[in-house]
Amino acid sequence: MGTVSGPVLVTGAAGLIGGWLRGGLPERGWALRSVDVVAVPDPRPGEELLVADVTDLPAMVEAATGAAAVVHLAGVVGESTWPAISATNIEGTYCALEAARRAGVQRVVLASSNHATGYTPRPEHGLLTEADAPPRPDTFYGVSKVAMEALGSLYADRHGMDVVCLRIGSAFPRPTTVRHLATWLSPTDTVALVDAALTAPEPGFAVVWGVSDNTRRWWDLTAAEALGYRSVDDAETHAAAVLAAHGEPDPADPVLTRVGGEYTTATFEDDAVVEAERRARELPS
């Protein structure tokens, strides 16, 4: 349950994960202040709605004033051009953190990504810890998440803020590819992970994997569980349908041998992948 006064400011609240949080965080005791560059649909009872660009620092300071915490989701999802990524994802993260600092908000949760370390090979044995996966971005998008984590570290060290970076795996309503059987983060577990990041006592600066407790997962959940995260979902419940559609996995497939999956392949096509992920996010749960 929320333990501090004031709403949680959620940036990018009109997006997929924003919608999950807007539905789930109030059930865990959090009031919400939702902001996006477009109008947020279907307001919940008591929810504060704002329209603002995350790169507009004065507007973000105003939005953060009186907030208990900031959950920063806003940005370009998936690979795009360098101007789009740098302007929205990197500048937007700076503005979210600086607005929190100026408004006196102590806790910030940042939506990082597995693509910050996408070229990291999967270990032959055991699970990959955060310490085993230093920055190794697979795309401009991945670079923006490395910058996000670096900015979070700076604000934690220089300004004494609590900043938790969630290296999100594959946040979809359900797993739809073989890789997702390892990397899926369910809607329910997304809410639980963000709630843990908001309520963990004095986390300082933390980087944790954001994935459900999947039978085939690649990533160690110890650090996330130390925050209080408890996953209730497992992609294996969808494995039969996924494997029927795509066949058994090839252990030598580069999509399955590196953290970043298809983002690391020579045939990666930016527009095709972005469009495919957009369509996947629109599938019903």
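This is a predicted model: local features need pLDDT of at least 70, side-chain atom pairs count only at pLDDT 80 or more; totals for chains, interfaces and linings use all residues.
Strand 4, to which Val71 belongs, covers residues 69-72. The pairing between strand 4 and strand 5 (residues 107-113) is parallel and consists of four bridges.

Are the residues on the two faces of strand 4 buried or exposed? Ala69 and Val71 lie on one side, Val70 and His72 on the other, and all of them are buried. Both faces of the strand are therefore covered, since buried means under 20% relative accessible area.

Trp82 has a relative accessibility of 38% and so counts as partly exposed. Together with Phe140 and Val143, Trp82 forms a nonpolar patch on the surface. The accessible area of these three residues together is about 250 Å².

The model has three aromatic pairs by the rule applied here. In one of them, the rings of Trp209 and Trp219 have planes at 10 degrees and centres 4.7 Å apart, so the pair is stacked. Trp209 belongs to strand 9 (residues 205-210), whereas Trp219 is in the loop between strand 9 and helix 7 (222-226); the pair therefore ties together parts that are 10 residues apart in sequence.

A further partner of Trp219 is Trp218, and this pair is edge-to-face. The planes of Trp218 and Trp219 stand at 90 degrees, with 6.1 Å from centre to centre. Through such ring pairs, Trp209, Trp218 and Trp219 are linked into a cluster.

| Residue | Relative accessible area | Class |
|---|---|---|
| Trp209 | 0% | buried |
| Trp218 | 6% | buried |
| Trp219 | 1% | buried |

Why does Trp218 count as buried? Its relative accessibility is 6%, and buried means under 20%. Trp82, by contrast, is partly exposed at 38% and belongs to the surface patch.

Technical notes: Residues are numbered from 1 along each chain as its sequence is written. Side-chain values use heavy atoms; hydrogens and water are left out. Buried means under 20% relative accessible area, exposed over 50%, partly exposed in between (1.4 Å probe, protein chains only). Two strands pair if DSSP finds at least two bridges between them. Patches are made of residues with over 30% relative accessible area and no salt bridge: like charges are joined within 9 Å, nonpolar side chains (Val, Leu, Ile, Met, Phe, Trp, Tyr) within 5 Å. Accessible areas come from the Shrake-Rupley method with a 1.4 Å probe; for residues, only the protein chains shown count as cover. A salt bridge is a side-chain nitrogen of Lys or Arg within 4 Å of a carboxyl oxygen of Asp or Glu. Rings of Phe, Tyr and Trp (its six-membered ring) pair if their centres lie within 6.5 Å; planes under 30 degrees apart count as stacked, over 60 as edge-to-face and the rest as tilted.
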